[in-house]
Amino acid sequence: MDKPLISCHLVDSDGSLAEAPSEVPKVGILGSGDFARSLATRLVGSGFSVVVGSRNPKRTAGLFPSAAQVTFQEEAVGSPEVIFVAMFREHYSTLCGLSDQLAGKILVDVSNPTEQEHIWHHESNAEYLASLFPACTVVKAFNVISAWTLQSGPRDGNRQVPICSDQPEAKRTVLELAQAMGFTPVDMGSLASAREVEAMPLRLLPGWKVPALLALGLFVFFYTYNFIRDVLQPYLQEGKNKFYQLPVSVVNTTLPCVAYVLLSLVYLPGVVAAALQLRRGTKYRRFPDWLGHWLQHRKQIGLLSFFCAALHALYSFCLPLRRSHRYELVNLAVKQVLTNKSHLWIEEEVWRMEIYLSLGVLALGTLSLLAVTSLPSIANSLNWREFSFVQSTLGFVGLVLSTVHTLTYGWTRAFEESRYKFYLPPTFTLTLLVPCVVILAKGLFLLPCFSRRLSKIRRGWEKDGAVKFTLPVDRALAQKTSHM
């Protein structure tokens with residue numbers, strides 16, 4: 001092309017329309033579906049002249065912006081150098097009659113296959129389109145962007161647009177076009193990467209599969225454990241029917257256990273990694289694969305912990321609303337009258353419950369702060385030290401608060417024989433195992449003999465390496481010694 005298709009002054013960095021060039025670049029769209037309409041809206045708002053090719057322009061003209069020209073496909077592909085092919089793979093063959101008009105054009109394939117189609121076809125949609133039109137240059141782009149994101153703007157959705165093509169000049173043109181529309185283009189290489197790009201929208205929360213299974217497994221375990229202790233044991237040994245507790249009470253007892261264990265599992269891999277570095281005496285050896293995956297899933301595990309803790313708080317607020325709770329209060333009042341007790345007040349229980357609730361609120365507030373700062377929009381506004389302080393220091397404070405919260409609930413209950421139903425210990429004693437290990441290990445690593453050695457290792461010191469140095473003491477410079 002003689003002139004660049006895109007002017008760098010079309011839009012501002014935030015995607016808003018800025019000063020347009022004197023000669024408005026023209027872009028074509030083949031298709032009249034939802035994505036084609038959203039794409040036309042975004043292109044018009046970004047300062048482009050849009051011509052849409054449709055098999056029935058009279059019927060579809062009213063669906064597009066008034067600034068967009070809707071005409072037949074033969075007329076739409078005449079003047080634009082860049083043409084978006086916004087139709088499904090099975091309709092590509094209907095464009096074969098336009099081969100002569102499309103020769104030398106840049107075809108931007110925006111389609112996505114279904115999961116079955118992705119498995120059946122050994123070539124991507126873009127490669128198939130390139131095989132049908134060898135005289136054209138095919139570029140794969142915009143398939144990961146939804147129609148909603150195109151209409152509402154990139155600020156309300158994902159900004160990244162993966163782009164791949166075998167022709168560098170055509171790829172550069174589409175890169176500039178994506179930037180002019182307010183998106184962030186990502187160069188994915190040649191058209192052979194199109195299959196990988198088309199697989200991106202097919203992924204359903206790939207980073208959440210293992211954490212979700214972990215949370216589900218913990219929930220099933222603790223729910224079964226609480227069912228045996230709180231429902232099955234009274235029914236078999238005392239003849240009391242407490243199956244009504246399954247929907248609310250047992251769930252509310254299970255949720256904090258899951259949240260507490262998940263939170264401890266966020267900080268346990270850091271402890272394991274530090275122990276490995278101390279043992280190896282270097283930071284340059286790779287962690288085992290299982291530990292690497294564990295470290296990568298900490299964010300998802302932490303968010304699931306917050307989710308369970310928030311549900312626990314909501315369920316706790318609902319406990320007084322249950323009909324069974326009202327009956328229990330009435331029965332307690334009747335028993336108090338029959339025993340001629342006018343004042344029922346246990347000081348120890350009152351203080352325990354007050355402290356227990358206060359610590360629970362503080363722990364949930366800390367988890368809320370961790371969850372909020374994990375959002376990209378919030379995390380991007382923090383520098384590394386601020387982000388590390390919130391996620392590491394405040395997160396560990398949240399774990400300590402949760403531990404004290406659990407210990408306050410237990411109080412002396414762990415030592416009461418009546419609490420061991422079917423010889424099973426109370427649930428909270430099981431949940432304390434992993435968090436206490438994490439807290440004790442963290443405290444151990446704060447000792448000078450471990451903390452200084454760990455600091456040196458993370459600054460590059462190796463036990464049997466070529467470089468050794470000592471950390472600065474009293475503002476003195478570190479003395480580095482090397483040996484061959």
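Mentor: We will go through the sheet, the helices on it and the salt bridges. This is a predicted model, in which local features need pLDDT of at least 70 and side-chain atom pairs count only at pLDDT 80 or more, while totals for chains, interfaces and linings use all residues. Residues are numbered from 1 along each chain as its sequence is written, and side-chain values use heavy atoms, with hydrogens and water left out.

Trainee: In what order do the strands of the open sheet lie?

Mentor: Strands are DSSP runs of E with at least two residues, helices are runs of H or I with at least four, and both are numbered from the N terminus. Two strands pair if DSSP finds at least two bridges between them. Here the open sheet has 8 strands in the order 3-2-1-4-5-6-7-8, and the pairing is mixed. Strand 3 (69-72) and strand 8 (184-187) are the edge strands, each pairing on one side only.

Trainee: In which sense do strand 6 and strand 7 pair?

Mentor: Strand 6 (residues 137-140) and strand 7 (residues 160-165) are antiparallel, with 2 bridges. K140 has C164 in strand 7 as its bridge partner.

Trainee: Which strands does helix 8 touch?

Mentor: Contact means heavy atoms within 4.5 Å. For angles, axes are lines fitted to C-alpha atoms, for helices over the stretch in contact, and the values run from 0 to 180 degrees between N-to-C directions. Helix 8 (residues 168-180) packs on the sheet and touches strand 1, strand 4, strand 5 (106-109), strand 6, strand 7 and strand 8. Its direction makes about 165 degrees with that of strand 7. Helix 1 (residues 34-45) lies across strand 1 (26-30), strand 2 (49-54) and strand 4 (82-85), at about 175 degrees to strand 1.

Trainee: How many salt bridges are there?

Mentor: A salt bridge is a side-chain nitrogen of Lys or Arg within 4 Å of a carboxyl oxygen of Asp or Glu. By this rule the count is 11. One of them joins D34 and R37, with the closest N and O atoms 2.1 Å apart. Both residues are in helix 1, 3 residues apart, so about one helical turn separates them.

Trainee: Is D34 buried or exposed?

Mentor: Buried means under 20% relative accessible area, exposed over 50%, and partly exposed in between (1.4 Å probe, protein chains only). D34 is exposed, at 52%. In another salt bridge, E169 and R172 have their closest N and O atoms 2.5 Å apart. E169 is partly exposed at 41%, and R172 is partly exposed at 35%.

Trainee: Which residues are linked in a network of salt bridges?

Mentor: D109, K140 and E198 are linked in this way.
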